[in-house]
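Subject: Structure for you to look at

Hello,

Here is the structure I said I would pass on. Please open it first, and then read the notes below with it on your screen.

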Amino acid sequence: MTDLSVAPSPAPAAPALTGDELAELDRRHLLHPWTPMGDPEQLLIVSGEGCDVTDSYGRTYLDGRSGQFNATLGYGHPRVLAALQEQAGKLMTYALLGSSNEPAVLLAAKLAELLGEPLSRTLFCNSGSEASEAAVRIVRMYHTLQGQPERTTVISLADGYHGTTSGTTAMSASPIAWAGCGPRPGGFVQIATPRCAQCASGAAHDPCAVPGPEALEEAVLAQGAENVAAFFVEPVLGVGGLLPLPAGYLRGVRDICDRYGVLLVVDEVTTGLGRTGAWFAHQREGITPDIVTTAKGLTSGYAPLAAVTMTTAIADVFATDPMLGGLRHGHTTSGHAMGAAAALAVLRVIEEDGLIEHAAAVGERLCGQLTARLKGLDGVRDVRGVGLLAGIEFDSFPRASQVVAACRRAGVVVRSEGPVLFVSPPLIVTEEQVDRIVDALYAGVVATSAA
Ligand code: PMP
């Protein structure tokens with residue numbers, strides 16, 4: 001077996017096909033998720049090392065988006081590759097249905113340690129969407145087993161994003177999630193996102209009106225508390241506009257959930273495992289959720305894996321299920337050994353290399369510099385973020401895309417959704433690389449300014 005523990009990853013072999021040939025096959029045969037078709041600007045990445053990625057034409061870029069928020073350790077990390085190689089030589093996987101495998105057990109125990117009591121028990125899935133979907137079924141089944149089968153309504157934020165399955169798209173108020181996909185599953189209610197609608201529209205106003213946790217209480221009372229199963233929330237709304245929840249919001253909704261017997265599910269798919277400069281973003285608020293979902297950074301994207309971690313009290317109730325005596329949910333590849341081995345290696349690297357503290361420090365530099373240099377520039381409506389998760393809101397969709405394209409030409413990859421441009425480099429990003437990202441963004445904003 002090749003020892004990859006110290007050697008840098010070998011230079012990638014040249015692709016067998018040319019960039020143009022690959023682009024043509026992509027255009028003809030690949031259907032990209034959530035992507036306008038036929039975008040000529042689309043990068044086709046063939047290799048990566050550290051924070052750099054190289055495209056099919058041999059051009060190298062600094063990855064300011066960590067793939068899709070997930071490549072927290074960057075690319076070709078020697079210790080993760082070594083762990084994957086070791087696990088592959090031992091056991092690719094063994095299903096968790098009626099049996100178990102070693103890396104899955106160790107990873108579940110590690111998540112319990114990182115999340116802390118009483119969050120002790122994990123169900124593994126393969127994607128963030130599956131984790132959200134599982135959590136919806138878990139909260140409903142839990143209440144049924146507790147003698148409250150009418151507690152089925154799931155409340156979430158109007159601009160929240162929890163996944164792309166039928167159930168999880170019904171948690172979003174945005175028609176882009178569910179229009180034209182047939183009847184929306186019932187039992188989902190949205191409340192106002194804690195953001196000032198006037199700021200979002202760019203209208204001049206004074207003062208800001210930000211809906212607080214009381215919107216949850218109103219919705220619970222309107223539905224009848226006895227009908228409400230859970231409130232799902234992201235600590236930083238990702239797809240919904242890179243919007244950190246206001247300080248105190250999570251504590252407020254925790255209190256309301258406790259008051260009405262509603263479970264609090266915190267979706268840490270994007271924010272978990274270091275992205276915000278803490279292991280988990282909810283820990284910054286000192287609250288304990290009933291259920292936490294994680295995915296993306298869990299394996300740093302080295303394998304598809306997601307987790308639904310719940311309290312002992314919730315998990316234990318499934319032993320009383322009259323049909324199974326266990327949880328009626330899961331997948332063939334739940335807790336796949338390669339994914340779990342990748343996650344264990346990723347978490348070890350984060351701990352051993354002090355990457356939480358590093359992310360907090362370079363994240364402060366990133367958000368601080370973006371605010372100092374971009375806020376107030378022509379067309380920039382807002383700059384916000386926490387840790388290595390920042391958003392720049394422009395006054396128009398096209399402007400955000402133009403800045404993304406300008407950064408690309410300067411050798412920096414970032415991404416936008418609507419008018420918001422996301423910046424989320426790997427946790428291993430250096431100060432010098434942060435400065436390069438900020439410089440590229442500043443130059444991109446200035447170059448695309450109409451003023
Ligand atoms: N929850 C959140 C907060 C997300 O940002 C995403 C993905 N963008 C998901 C869930 C769904 O994860 P996946 O794409 O892995 O299905």
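Start at S300, which is found in the loop between strand 11 (291–294) and strand 12 (306–311). Keep in mind that this is a predicted model. S300 has a positive phi of about 55°, although it is not a glycine. Is S300 buried or exposed? Its relative accessible area is 2%, and the cut-off for buried is under 20%, so S300 counts as buried.

A second residue of this kind is L242, in the loop between strand 8 (236–237) and strand 9 (243–244). L242 is not a glycine either, and its phi is positive, at about 50°. L242 has 0% relative accessibility, so it is buried as well.

Strand 11 and strand 12 are paired in the antiparallel sense, over four bridges. In this pairing V292 stands opposite T309 of strand 12. Strand 11 also has a parallel partner, strand 10 (residues 263–267), to which three bridges join it. There, V265 stands opposite I291 of strand 11. Which way do the residues of strand 11 point? I291 and T293 point one way, V292 and T294 point the other way, and all of them are buried.

Next, the cis peptide bonds. One joins E117 and P118, with omega about 5°. P118 sits in the loop between helix 4 (102–115) and strand 4 (119–125). Another cis peptide bond joins D206 and P207, with omega about -5°. For P207, look in the loop between helix 8 (197–201) and helix 9 (214–223).

The largest nonpolar core has 63 residues, and the members that touch the most others are L107, I350, L370, I392, L421, V423 and L441. Which helix gives the most to this core? Helix 12 (residues 337–352) does, with ten residues. At least three residues of the core come from each of domain 1 (19–76 + 354–450) and domain 2 (81–352). Another core, of 29 residues, lies apart from it; A134, A135, L263 and A315 are among its members.

Leaving aside neighbours within four places in sequence, L441 is in contact with L370, L374, I392, V403, C407, L421 and V423.

Last, the chain as a whole. The protein chain has 15 helices and 17 strands. Its C-alpha trace spans about 65 × 60 × 45 Å along the principal axes. A compact globule of 451 residues would have a radius of gyration near 22 Å, and the protein chain has 22 Å, so the two agree. Of the 451 residues, 51% are buried. The accessible surface of the protein chain is about 19300 Å², and carbon and sulfur atoms account for 56% of that. Among contacts between residues at least 6 apart in sequence, 71% join residues at least 24 apart.

Regards

Notes. Residues numbered from 1 in each chain as written. Predicted model: local features only at pLDDT ≥ 70, side-chain atom pairs only at ≥ 80, totals over all residues. Heavy atoms only, no water. Core = buried A, V, L, I, M, F, W, Y, C linked by side-chain atoms within 4.5 Å. Buried < 20%, exposed > 50% of the residue type's maximum accessible area, 1.4 Å probe, protein only. Helix = DSSP H or I, 4+ residues; strand = E, 2+ residues; numbered from the N terminus. Domains from an automatic or database assignment. Contact = heavy atoms within 4.5 Å. Rg over C-alpha atoms; globule rule 2.2 N^0.38 Å. Areas by Shrake-Rupley, 256 points an atom, 1.4 Å probe, with all protein chains shown as cover. Pairing = 2+ DSSP bridges.
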